[in-house]
Amino acid sequence: MSRKPIDIDPNLEPLTDEDGEVRELTAADFAEMRPAYEVLPPELVALMREHRRRQGERGPQKAPTKKLVSIRLDQDVLERAKADGPGWQTRINDILREALLKKAG
């Protein structure tokens with residue numbers, strides 16, 4: 001994708017004041033705004049859609065530190081772990097680590 005210079009309308013009021021500070025946007029500014037898909041090149045819009053995350057979805061870990069596994073637990077153990085609320089998987093991990101360290105040491 002080549003970089004094209006952005007066409008700036010010389011009649012637009014600048015968004016910065018004489019000190020270079022960004023001024024507060026007005027209702028008129030908001031009324032003139034357009035969605036990205038109307039003003040950006042279609043290739044860029046397609047790329048943005050391709051990499052969009054859903055609300056609350058995390059991105060990939062920079063350096064994964066944990067391994068996804070499947071483990072079968074007794075129902076009462078699982079219920080007890082979940083009873084303390086969110087973070088139950090981390091708590092089970094900590095309990096297992098402590099038990100394994102005691103056994104090794």
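**A pocket and a helix pair, in questions**

In this predicted model, the lining of the largest pocket is made up of 10 nonpolar, 4 polar and 5 charged residues.

Reader: Happy to start with that pocket! Which helix gives the most to the lining of the largest pocket?

Author: The pocket has a volume of about 710 Å³, and the closest of its 19 lining residues to the centre are Ile71, Gln89, Thr90, Ile92 and Asn93. H4 and H5 each supply at least two residues of the lining. The top contributor, with 8 residues, is H5.

Reader: Nice. At roughly what angle do the axes of H4 and H5 cross?

Author: Helix H4 covers residues 75-83 and helix H5 residues 88-104. Their crossing is right-handed. The two axes come within 8 Å, and they cross at roughly 115°.

Reader: And which residues in H5 do Leu78, Ala81 and Lys82 in H4 meet?

Author: By class, the contact of H4 with H5 holds 4 nonpolar and 2 charged residues, with no polar ones. On the H5 side, the partners of Leu78, Ala81 and Lys82 are Trp88, Arg91 and Ile92.

Reader: One more, on another helix: does Leu44 count as buried, partly exposed or exposed?

Author: Leu44 belongs to helix H3, residues 42-50, and its C-alpha atom is 24 Å from that of Leu12, 32 residues away along the chain. Buried would need under 20% relative accessible area, and exposed over 50%. Because its relative accessibility is 27%, Leu44 counts as partly exposed.

Definitions and conventions:
Residues numbered from 1 in each chain as written. Predicted model: local features only at pLDDT ≥ 70, side-chain atom pairs only at ≥ 80, totals over all residues. Heavy atoms only, no water. Axes fitted to C-alpha atoms, helices over the stretch in contact; angles between N-to-C directions. Helix = DSSP H or I, 4+ residues; strand = E, 2+ residues; numbered from the N terminus. Left-handed = near helix turned anticlockwise from the far one by under 90°. Contact = heavy atoms within 4.5 Å. Nonpolar A, V, L, I, M, F, W, Y, C, P; charged D, E, K, R; others polar. 1 Å grid on protein atoms, 1.4 Å probe; cavity = no way out; pocket = protein on both sides within 12 Å on 5 of 7 lines; lining within 4 Å. Points joined across faces, edges and corners; volume = space filled by probe spheres on them. Buried < 20%, exposed > 50% of the residue type's maximum accessible area, 1.4 Å probe, protein only.
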